[in-house]
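Work through the exercises below with the sequence and the model in view. Each task is followed by a solution in steps.

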Amino acid sequence: MQGFILHTQRVKDEDLIVSILSPKALLKTYRFYGLRHSSILNGYKIDFALEENATFLPRLKDVLHLGFSWILEREKMLFWQEFIRLLYQHLKEVSELDSFYFDLLDECAKRFLKQNPKRVICDAYVKILEFEGRLHKNFVCFACDEKIQGNITLLRAFLPSHALCAFSYEFPRQKLEIFYEKKNCSIFDDEEINQIYELIKQGL
């Protein structure tokens, strides 16, 4: 079985509770003597086995790292783990999941090798919003419920508003339309990407 480690929590002295995103579920598992075995870090992709326990969490065992070629690049790893934390906060109350989330992380991990991590995450974020039916393509202001003409001010989860209705980053409507349609942020310059990334860090 394969999965991405989304979260770890220390229990007792060395044991860990490990949350793993598999293709079909967010698994909560228990790892004994965590410090005596190979490292378990947020964002790692692993192959693993589970030993079921009738009275407690399944035991995580036979862990094998499926490393990324960029895993030792500190800056990329920081961006990756930041995105992983964001995704965990969004999914932590869910057990069964569509394979979309696992496949998306797989795709992102491959793109991290050659692309700007912020741009990879921006594309992934808009894909999540669309998959979950939360991408506001009609550009109706959340505050006054009026159609927005001209530039769009975006808030957390790309919620649209008029510039006078909320204080946040403003983007050209045409660029957002292209971004939402193609799920590719190449239309934006680096400054705009930094602004979008600041919104993303607020959460899903």
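**Exercise 1. Find how far apart the mean positions of the positive and negative charges of the chain are.**

Solution. The model is a predicted one. Step one is to count the charges: the chain has 28 positive and 29 negative ones. For scale, the C-alpha atoms of the chain fill a box of roughly 60 × 35 × 30 Å along the principal axes.

**Exercise 2. State how many helices and strands the chain has, and give their pattern along the sequence.**

Solution. The chain holds five helices and eight strands. Reading along the sequence gives β-β-β-β-β-α-α-α-β-β-β-α-α.

**Exercise 3. Decide whether H136 is buried, partly exposed or exposed.**

Solution. First locate the residue: H136 lies in the loop between α3 (117–131) and β6 (152–155). Next take its relative accessible area, which is 31%. Buried means under 20% and exposed over 50%. H136 is therefore partly exposed, because 31% falls between these cut-offs. In the chain as a whole, 47% of the 204 residues count as buried.

**Exercise 4. List the contacts of H136, leaving aside its neighbours within four places in sequence.**

Solution. With those neighbours set aside, H136 is in contact with F158, L159, P160 and Y180. Then turn to D103: it is 33 residues from H136 in sequence, and their C-alpha atoms are 23 Å apart in space. For the whole chain, take the contacts with a separation of 6 or more: 53% of them come from residues 24 or more positions apart.

Key: Residues are numbered from 1 along each chain as its sequence is written. This is a predicted model: local features need pLDDT of at least 70, side-chain atom pairs count only at pLDDT 80 or more; totals for chains, interfaces and linings use all residues. Side-chain values use heavy atoms; hydrogens and water are left out. Helices (H or I, at least four residues) and strands (E, at least two) are DSSP runs, numbered from the N terminus. Buried means under 20% relative accessible area, exposed over 50%, partly exposed in between (1.4 Å probe, protein chains only). Contact means heavy atoms within 4.5 Å. Lys and Arg count as positive and Asp and Glu as negative; His and the chain ends are not counted. The place of a charge is taken as NZ of Lys, CZ of Arg, CG of Asp or CD of Glu.
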